[in-house]
Amino acid sequence: MYTYTDFDEAFVRTRVAQFRGQVARRIDGSLTEDEFKPLRLMNGLYLQLHAYMLRVAVPYGTLNPAQMRQLAYIADRWDKGYGHFTTRQNIQYNWPKLRDVPDMLDALADVGMHAIQTSGNTIRNVTADHFAGAAADEIEDPRAIAELLRQWSTDHPEFQFLPRKFKIAVTGAAHDRAVTKAHDIGLRMVRNDAGEPGFEVIVGGGLGRTPMVGKVLRAFLPKADLLPYCEAIVSVYNLLGRRDNKYKARIKITVHENGLEKMQELVEARFADIRDGFTGHDQALLAEIEAAFAPPAFVTKPTDGYEAARLANPAFRSWSDTNLSAHKAEGYAIVSISIKKHGATPGDATSDQMRVMADLAEQYGHGELRISHEQNVILPHVHKSDLPAVYAALREADLATANIGLASDIIACPGMDYCALATARSIPIAQEIATRFDELKIEHEIGQLKIKISGCINACGHHHVGHIGILGLDRAGVENYQITLGGDGTETTTIGERAGPGFSADEIVPAIERLVTGYLSLRQDADETFLQAYRRLGMEPFKAILYPREDKANAA
Amino acid sequence: MPRSFTPKVVTANALLEGDAVWLTEADTWTRDIREAEYITDEAHADIRLLEAQARKHEIAGAYLAEATAGAKGPEPTHFREAFRTRGPSNYNHGKQAETQSRT
């Protein structure tokens, strides 16, 4: 893992000291809220419905055990003993007091973390495949590039006042777990005809009120050109992007209004202008960063104990069937720890749970943890012989829910329980759906299903790319939930289609149940997933299930 | 025809704690909406909002919120404002927890 240099450390400490002064001046009245707001947003501090909220960057979703323990300490000392993992691989604290925030930021700096550029019209935390460095289907670990992008974008003088926020995602694998096509820039590692690794550069994807699938700006970009090329893209956007209307300011609109060809022309021209300015320092730096991300020293040992435990313990077998993924190293597995216990808040972990996960990473996981955009925690490198012990410890900590990728593994934004922008609640809907599927005991039968819930049109809950998406709206002063179907956030990214009129808070959970049980009778066989069945059959049969005729007759 | 004025309360977030507060007739900030000044006159509402906004080192983001007259004082009419009087629905945190500890 990358560790801070003296330069990083000094930069972050200086920023904390500046913010400490700004908070003091706000409290003594020398700064107004209008003056203070951009300063606090630059440091990840929001003012929400019930309290301030501090959004802490987890760069490309990677944490070491000491960092995870510090997040637990911060939760206990200055918040309410828990943290919320977000769909951008970050962690949010929902209850900080203004006076305490500089101390929280200092505590983060103690472990090489910060909240810089987690808000505002800047380049935000760079996200990455949460299986990076471990996935069996990976060309290279994309985190070295993500760290290079982090260093380049942090406090980049040209890009502190972009037309709107700017999000970059990176993956090194063929299967896209990083939703790269729904980002301002998506980078997918590919090989050219000569077998050299480089990037497919995707631009102009995004969700929100105008969802768009990203378009390929460059089919193959050599690795060495990555930084100047990204700088060219952001630089073109900075001048061309609209500043007259914040709803039309994201690069997806810039691409849409100007066309991909014009973007290509402008970016290539800008790239040609600035390419020579990158004299190789970036490549020297990248080599250093790559060394920091060298794979851990994997060990070879027998896996008999794992196989025996699977035979002996059905609960362990069920968990290992759902929560493990293929690892590139022989004898290893990637463990996804579900932060989606049935009925609990998606993405919320208590400080005790954070400490347990940190201990497990240290003892069995080569000291690495990841936060996934699906709001779970990953132990990327666990030897199979250690899985029974890991499972037992997770069970003790109430972290052994066997539901990764299933109906109750729901993404939900904080919604109107916390967020000042929300138009309806998301969390209780997620809690009720998960509880209901647990009662029915059918989620393993249903198989792979991604339900994603957003509490407003901004789509932090990625509802557009959920197989089933739920969007919470305010309809004449009442919470109302719209369903979209057929969304997909992988390499075959598709924006879901709206099924029809929305449902009230009381109707939405039964509607989802009807839809999913209806799918069970529509599918060809047990291997056909919800998404595959939808793609084969189209909207009509699902619509008929959601809006039965008698309901229409009653309503008329 | 202009829409008729509906009753309001002045609300904001407290500067230090960040939680919801309401302006009282006595020019103090209360954490209980029932103690808020119930405003039925549009011109008076505008003045009270301006006065609230001027108190910038006590609060942030003052605005007028719809309210209705309840037995014990003003009550919210919209669900968003109702949540602000209680706290989140997934934990017993925020005002709902504080109210319990006081009684």
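Predicted model: local features only at pLDDT ≥ 70, side-chain atom pairs only at ≥ 80, totals over all residues.
## Helix 1 of chain A

Helix 1 of chain A runs through residues 6-27 and so comprises 22 residues by the run assignment used. From its first C-alpha to its last it reaches 32 Å, close to the 32 Å expected at 1.5 Å a residue. Its buried residues are A:Val12, A:Val16, A:Phe19, A:Val23 and A:Arg26. An α-helix has 3.6 residues a turn, so residues three or four places apart point the same way.

The face turned away from the buried side carries the exposed residues A:Asp6, A:Phe7, A:Ala10 and A:Thr14. Just after helix 1 of chain A, A:Gly29 takes a positive phi of about 90 degrees.

## Strand 12 of chain A

Strand 12 of chain A covers residues 332-337, and six of its six residues are buried, so the strand is largely enclosed by the rest of the structure. In a regular strand the side chains alternate between the two faces of the sheet. Both faces of strand 12 of chain A are covered: one side holds the buried residues A:Tyr332, A:Ile334 and A:Ser336, while A:Ala333, A:Val335 and A:Ile337 are buried on the other.

Strand 12 of chain A pairs with two strands described here. Strand 11 (residues 324-326) of chain A runs antiparallel to strand 12 and is joined to it by three bridges, with A:Ser325 opposite A:Ile334. The hairpin of strands 11 and 12 of chain A has five residues between the strands, and in it A:Gly331 takes a positive phi near 85 degrees. Strand 15 (residues 377-383) of chain A also pairs with strand 12 in the antiparallel sense, over five bridges; here A:Ser336 stands opposite A:Ile378.

## Two loop residues with positive phi

Most residues other than glycine have a negative phi. A:Gln117 is not a glycine, yet its phi is positive, at about 60 degrees. A:Gln117 lies in the loop between helix 4 and strand 6 (127-128) of chain A. With 26 C-beta neighbours inside 10 Å, A:Gln117 counts as buried.

A:Asp398, also a residue other than glycine, has a positive phi near 65 degrees. The loop that holds A:Asp398 lies between helix 13 (387-396) and strand 16 (411-412) of chain A. A:Asp398 has 13 other C-beta atoms within 10 Å and is partly exposed.

Note on methods. Residues numbered from 1 in each chain as written. Chains lettered and ligands numbered in written order. Helix = DSSP H or I, 4+ residues; strand = E, 2+ residues; numbered from the N terminus. Expected span 1.5 Å × (residues − 1). Buried ≥ 20, exposed ≤ 12 C-beta atoms within 10 Å, placed from the backbone. Pairing = 2+ DSSP bridges.
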